[in-house]
Every structure is written in structure tokens, then in C-alpha cells.
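Here is a short briefing for a first look. Please keep the sequence and the structure in view as you read.

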Amino acid sequence: MTFSDSENGLFSPEDIQRLMRIEYDRVIRYGISCCLMLVEVDRLGYLQDLYGVESKEKILQGITELLHTVTSDLEPVGCRQEDRILAVFPHATQEEAAAVARRLLEGARRLEFQSDGRSLRVTLSVGLAVAEAASGLNFDHFLRATEEAVTKAIDGGGDRSVECHPAAEPSPSSAGSPEPPEDTGSGGASASPGSEEPELQAVLGDEPAETGSAISEGLGKGAWADQIRTLFRRLGPRTPGLDRIENQVIKITEESLVSFDAHGEACEEDRRQIDILEGRVAKLKLMLDATEDELHRLALEKGVDPGIKSIYRSVQGLATDSGDYARKKDILGLIYEANLRLLEKLRGGA
Amino acid sequence: MKKGSSSKDHGVLYLGIDLGTSRTSVSASNGVRDTVASFVGYPKDVISQKLLKRDVLFGSEAVKHRLSLDFFRPLEAGVLKASDEGGDFESNLRAATDLISEIIRLSQPRKDELVYAVIGVPAEASIRNKEVIIDAARKSVDSVMLCSEPFAVAYGLDWLEDVLVIDIGAGTVDLCRMHGTMPEDTDQVTMDTAGDFVDGRLAERIREEHPEAQFTVQMIKEMKERHSSVSDEMEPVVVRFPVGGKPTDFDITEAMRDSCREVIPPIVEGLGKLVATFDPEFQQRLKDRVLLAGGGSMVQGLDSAIEREMQRTLGGGRVLRIEEPIYGGANGALKIAHDMPAEFWEQLK
């Protein structure tokens with residue numbers, strides 16, 4: 001893989017983008033497929049705020065290495081685009097690109113980074129655009145489509161990939177996503193020949209989780225309801241039974257999306273708060289350690305008495321050969337229980 | 001986490017603390033024993049702070065400089081003044097917290113050791129009072145438990161069965177009946193006819209007999225601690241008070257003896273209640289095993305005087321004064337701390 005980052009490498013990002021364009025033009029000219037991938041680390045900005053720029057660079061470096069590992073057979077050309085990683089896969093088919101995205105997502109979940117003595121785990125949002133020779137689109141259009149796809153993946157909660165065909169809106173891909181995708185482009189489905197059948201199955205089949213992925217996040221209530229009605233119309237002549245089912249599907253979908261959105265937002269906010277608080281605790285702990293070390297050093301310099309060592313290195317407890325062992329054990333248990341009640345009351349009051 | 005001086009994995013320091021109205025004592029598992037008068041003072045202004053060179057003073061030092069201090073005695077009648085929610089609540093709470101921190105500092109704990117403390121509190125301390133003490137102590141130790149003071153005394157001496165403990169402090173007299181398990185409310189009696197009560201009676205008596213004498217409660221307290229006795233054959237107590245600025249000697253022997261004797265009838269009356277409600281078969285054994293503890297037990301002849309009063313009202317009894325009145329409660333609390341299983345300490349962290 002030819003890869004350039006901001007710090008080193010044989011080519012600058014601009015050089016690499018120029019090479020990408022050349023490569024892209026070549027594959028279009030020869031009528032072979034080509035895939036563009038844009039990778040973003042979820043919540044990288046927050047991680048940088050909490051753990052510093054060094055941690056961010058370490059994470060991006062790790063993801064770049066991962067990309068090397070999972071794409072070695074496709075020989076992509078890649079570069080860093082600010083905090084994102086862009087890669088072109090000449091000759092790659094849609095299936096191959098989706099497989100790379102899946103391997104990348106899975107690999108990222110297994111990665112573990114260290115910062116301030118804490119281990120960090122990351123997830124990725126991957127945008128994929130697959131160009132067909134017949135589309136006749138230029139590289140910039142292709143790049144914009146990939147950016148839109150990655151934005152969809154991020155808006156969907158991250159840890160997922162979204163594919164799109166540049167000639168149309170982004171289409172869904174649940175590759176590697178552990179959560180039900182919130183919404184992804186329905187437009188992509190309509191632009192892809194032969195995609196009606198799976199979508200109908202998604203709406204009418206036995207897998208309610210897929211229903212959500214058939215609905216674009218960006219669509220309002222009216223739009224996705226229209227989509228469902230369109231799909232039902234394609235089933236054949238209208239009957240009262242089918243109308244009833246259609247209405248029920250719309251109703252259930254609406255309820256599910258409202259509930260899913262509310263839950264997702266709350267979880268995301270909680271996760272953000274936890275990250276911030278954990279970061280603060282880690283920083284405070286470091287400061288406390290440093291302060292205590294300094295106090296210890298000063299105390300030694302000033303000849304301050306460090307205290308007298310206890311004769312016990314561990315908690316003793318009642319010796320079994322103690323006189324009245326059973327009775328004392330009961331008494332100590334009662335003292336403990338009384339104090340536990342008191343403490344619980346105190347904690348409850350606080 | 002970086003291993004450093006802050007990690008507490010080099011030992012466990014047990015503390016037994018007797019939080020008293022007059023004195024606070026500590027016995028520690030590193031061999032340290034110390035006591036400090038339960039007084040706390042804060043410089044009144046910047047000038048006194050510069051003069052005293054400290055932000056807070058304790059014990060006799062606080063008493064000595066009390067005129068230039070905001071002076072606190074955070075415990076009164078065996079309870080924290082901070083627990084009554086009235087008056088100078090915040091200041092008394094701060095003083096109590098600082099006093100507990102000071103007594104823990106006096107035990108010279110190492111920074112890398114866990115500190116587990118058992119604090120003796122009056123037998124009938126209120127829940128609110130206990131909460132305030134725990135809250136104050138948790139700022140200075142890793143885990144803390146409370147237990148009743150007279151119970152701690154008995155546990156320290158391994159007298160757990162058929163024992164009556166008399167713990168005479170400055171604020172309260174605690175009576176506790178031990179019968180092999182944790183004493184319940186019905187096994188304990190708390191009275192306020194303790195050291196402060198004697199100080200008050202003695203001051204009244206001197207004021208009646210020598211109205212010209214000028215003195216303070218603190219002066220009376222110091223005299224009592226030096227000369228207190230209930231014996232018929234006590235040494236004459238001659239003290240010096242200023243009269244119109246001139247030091248003058250006064251004989252207060254009678255006043256001292258009579259004032260000290262006033263605590264005896266209530267104590268024996270309380271003992272009588274605890275004996276009368278005990279299993280008749282063991283009442284005599286209970287009367288023959290009376291432990292006298294606390295600072296008040298240092299009143300000369302008090303054990304014999306209580307025995308005589310018991311003979312008169314209860315038909316007999318034997319009173320044994322503990323060897324270390326000042327540290328009896330702290331020693332017992334230390335022993336409880338030592339015997340307490342590790343998981344209990346962990347749970348209360």
C-alpha cells in the first residue's frame with residue numbers, strides 16, 4: 001500500500017490525491033471497477049480533548065496500520081485527509097470493498113490504545129463509494145459521495161460502514177455494525193438494479209431489525225411512510241388486508257424510530273459524559289500522585305518524621321484460638337452491622 | 001496507576017480512639033498512645049494568627065491562648081455540639097473534624113498505610129451525633145467504626161459476661177451491663193452527673209463560701225483534677241485565688257469532697273436499675289463485677305465509696321478500678337479494631 005501521512009512518507013497528501021485521480025481515471029478508462037473509502041475514528045475530537053493530541057496521533061497511526069493489514073491484497077493508495085483516512089482501491093469490486101470495511105471495523109474494535117495508564121478503545125465510521133465504469137463521473141464527485149457516506153455512518157451512531165453509488169444517494173450496509181442501523185439511504189437501493197426484492201423482504205420479512213435500515217435517517221415521517229407505501233404498491237393489487245398491514249407497518253415503524261432515536265441520543269450523551277468524567281478522574285489522579293510525590297520529597301528534604309510503622313502488615317481479624325472466639329465473632333458482626341446501617345443512612349442522606 | 005508513595009499497601013494501622021468531652025485519647029497499633037484535651041481554637045484575627053503562627057491550636061495550648069482564639073469545646077455532655085443543628089453548628093462541626101484529624105495525626109500514621117479506626121462514643125449517643133462523628137472521621141481514615149465507650153472498655157479487658165461498667169467522663173457517666181453479647185439500649189444508662197457537673201457544683205460552693213474569690217471554670221477544673229477525693233481522710237485542699245488582684249489562699253477541702261460525692265448516689269441508683277432488671281440468678285455475680293473506668297475514676301477513694309453505697313442500697317458489691325483510666329476506652333477500641341475481620345473493614349470503606 002502506498003500511504004502518506006502528514007508527518008512523513010514519500011508523497012504529500014496532495015501528491016497522493018493526484019495519484020488517486022490518475023488511478024481513478026485509468027480504471028474508468030479501462031472499464032473496471034474502483035472503490036473509494038473514507039475512514040473516520042468515532043469521537044476522535046472528544047478523545048483528543050481528554051487525552052491530548054499525542055493520543056489522537058497514536059490512534060490514527062494504529063488505524064493506518066490496521067488498514068495496511070486488512071487491505072494488503074487490494075493494494076490501495078491512501079492518505080490522511082485531516083483526521084480522516086482516504087484510500088482508493090483500484091479493481092476492487094463492491095463485495096471486496098464491503099469485506100475490507102467489515103474487517104476494518106472488526107479490527108478496530110479489537111485495538112487497544114494506552115493513554116495516561118488507561119486503555120482506550122475506538123470504533124470507526126467508514127464511507128464507501130463504488131464507481132462503475134459506465135457512470136462517467138469524475139473523481140471529485142466520487143469523493144463527495146464518499147464523504148456523504150461517512151457522514152451517514154457517523155450520524156447513524158458510528159461503528160458502521162455505509163456504501164453508496166455515486167450516481168445515486170448512499171445505500172445502506174450493515175457490515176460490521178453491532179447495532180441496528182438507524183437509517184441509511186433508501187435512494188441507494190432504488191439506484192441499484194435488482195435491489196427491490198431485498199428491500200421488500202426487509203419491509204415485509206420476519207426480521208424487524210432490518211426495517212430500520214431500509215429507512216433513511218434524513219427522511220421525515222412523510223418520506224419514509226411514502227417509501228413503505230411504494231413498496232406495498234409493488235406487491236400487487238390492493239386489498240383491505242394489505243392496506244391494514246401497510247398501516248400497521250407504518251405505525252410500528254414510526255413508534256420504533258421515535259423510541260430508537262430517543263434511546264440512542266440518551267446513550268450517546270451518557271457515553272460522552274462518562275468519557276469526560278473518566279478523563280477528569282485520570283487527570284486528577286495524575287496530579288494527586290505528582291503532588292504527593294513532591295510532598296514526600298520535600299518531607300524527606302526537611303527531615304519531617306514519616307510516621308511510625310504499624311506492627312501489622314495486613315488486617316488481622318479475630319484469632320481462632322482466641323478465648324470466647326464464637327462469642328466475640330458474633331459481637332464483632334453486630335458492631336459491623338450497626339455501623340453498616342449507619343453508613344448506609346449517611347450515604348442515603350448525602 | 002503509578003506505584004508511588006501514595007499507594008497504601010505497606011501495612012495496616014489500627015487506631016482505637018476515645019472521643020471524650022474533656023479528653024480525646026488514641027491507642028495505635030504502632031505503639032503510639034497520646035491524649036489531647038478536647039479544646040480547639042482558631043486565631044481570632046490576622047494579628048493573633050501571626051503571633052501564634054498556626055491556623056488551629058488544640059488541647060492545653062488552645063486553653064493557654066484562648067483569649068486570642070475563637071475557642072471551642074466541640075463535645076458537651078458526651079455529644080457533639082455540632083449535632084444539635086442549632087447555635088454555632090458549622091464552627092463546632094469544623095472544630096470536631098479538626099480535633100479528630102489532630103488525634104489521628106498524633107498517632108503518627110505513615111502515608112503508605114491503611115488507617116482503620118474504631119471510635120468509642122457515649123452509650124446513648126444519638127444517630128445524628130454518630131453520623132457527624134463518622135462524617136468527620138472519614139476525612140482522615142480509610143475506614144471507621146463506632147462502638148459504645150463502656151463496651152469498648154469491657155472488650156479491652158476481656159470482661160464480656162456479667163459485668164457492670166461505669167465510665168465516668170467529663171460530660172456523661174455511662175453505665176453498661178455486659179452479658180456476653182452486644183449491649184442493647186436497655187443495658188445502658190447515660191447520666192450527666194459527670195466531671196462537668198462536679199465542676200459546676202464545686203464552683204457554686206466556693207462562690208457561696210468565698211464570694212470575694214475570683215476564678216473561672218477552667219481553674220476549678222484544674223484544681224479538681226489535682227485534688228479530687230471522696231475520702232474522709234483526705235489531704236487538705238488549699239488553693240490560691242485572686243481577691244481584688246491579690247493572690248489569696250482558700251481551704252476548699254470540704255467543698256471538694258462534698259462535690260465529688262454528689263456523683264455517687266446517681267451512679268449507684270443506675271447500677272441498681274441495671275441489676276434489678278437482670279436475671280435474678282446472676283444478680284449477685286453482676287454486683288461483684290463492677291468496673292470503674294474513665295477520667296472520673298481517678299477521684300481518690302471513689303471505688304470504695306461506691307462499694308459502700310452499694311452495700312447500703314443494694315446489699316453489697318465489688319468495684320474494680322481499671323489500671324489505665326485515661327486509655328481504657330482507647331485500648332478497648334484498638335482491640336476491637338484489631339479483631340475485626342478484613343471484609344468488614346472493606347465494606348465500610
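**Briefing: charges, cores and the interface**

R312(B) and E309(B) are joined by a salt bridge, 2.8 Å from N to O. A salt bridge here is a side-chain nitrogen of Lys or Arg within 4 Å of a carboxyl oxygen of Asp or Glu. This is a predicted model: local features need pLDDT of at least 70, side-chain atom pairs count only at pLDDT 80 or more, and totals for chains, interfaces and linings use all residues. Residues are numbered from 1 along each chain as its sequence is written, chains are lettered from A in the order in which they are written, and side-chain values use heavy atoms, without hydrogens and water.

- R312(B) and E309(B) sit three residues apart in helix 11 (residues 302-314) of chain B, about one turn of the helix. Helices are DSSP runs of H or I, at least four residues, and strands are runs of E, at least two, numbered from the N terminus.
- E309(B) is buried at 15% relative accessible area, while R312(B) is exposed at 62%. Buried means under 20%, exposed over 50%, partly exposed in between (1.4 Å probe, protein chains only).
- K221(B) pairs with E225(B), with the closest N and O atoms 3.5 Å apart. Both lie in helix 7 (residues 217-227) of chain B, four residues apart.
- K221(B) is buried at 8%; E225(B) is partly exposed at 42%.
- D249(B) forms a salt bridge with R240(B) at 2.9 Å.

**Between the chains**

- The contact (heavy atoms within 4.5 Å) takes 35 residues from chain A and 48 residues from chain B.
- Four salt bridges cross this interface.
- D158(B) forms a salt bridge with K328(A), the closest N and O atoms being 2.7 Å apart.

**Nonpolar cores**

- The largest nonpolar core has 69 residues, and I335(A), L15(B) and F151(B) are among those with the most contacts inside it. Such a core is a set of buried Ala, Val, Leu, Ile, Met, Phe, Trp, Tyr and Cys residues joined through side-chain atoms within 4.5 Å.
- Helix 11 (residues 325-349) of chain A gives the most to this core, with eight residues.
- Beyond its neighbours within four places in sequence, F151(B) contacts residues including I331(A), I335(A) and I336(B).

**Chain B overall**

- Chain B has 13 helices and 17 strands.
- Of its 349 residues, 56% count as buried.
- The average pLDDT, the predictor's confidence in each residue from 0 to 100, is 88 for chain B.
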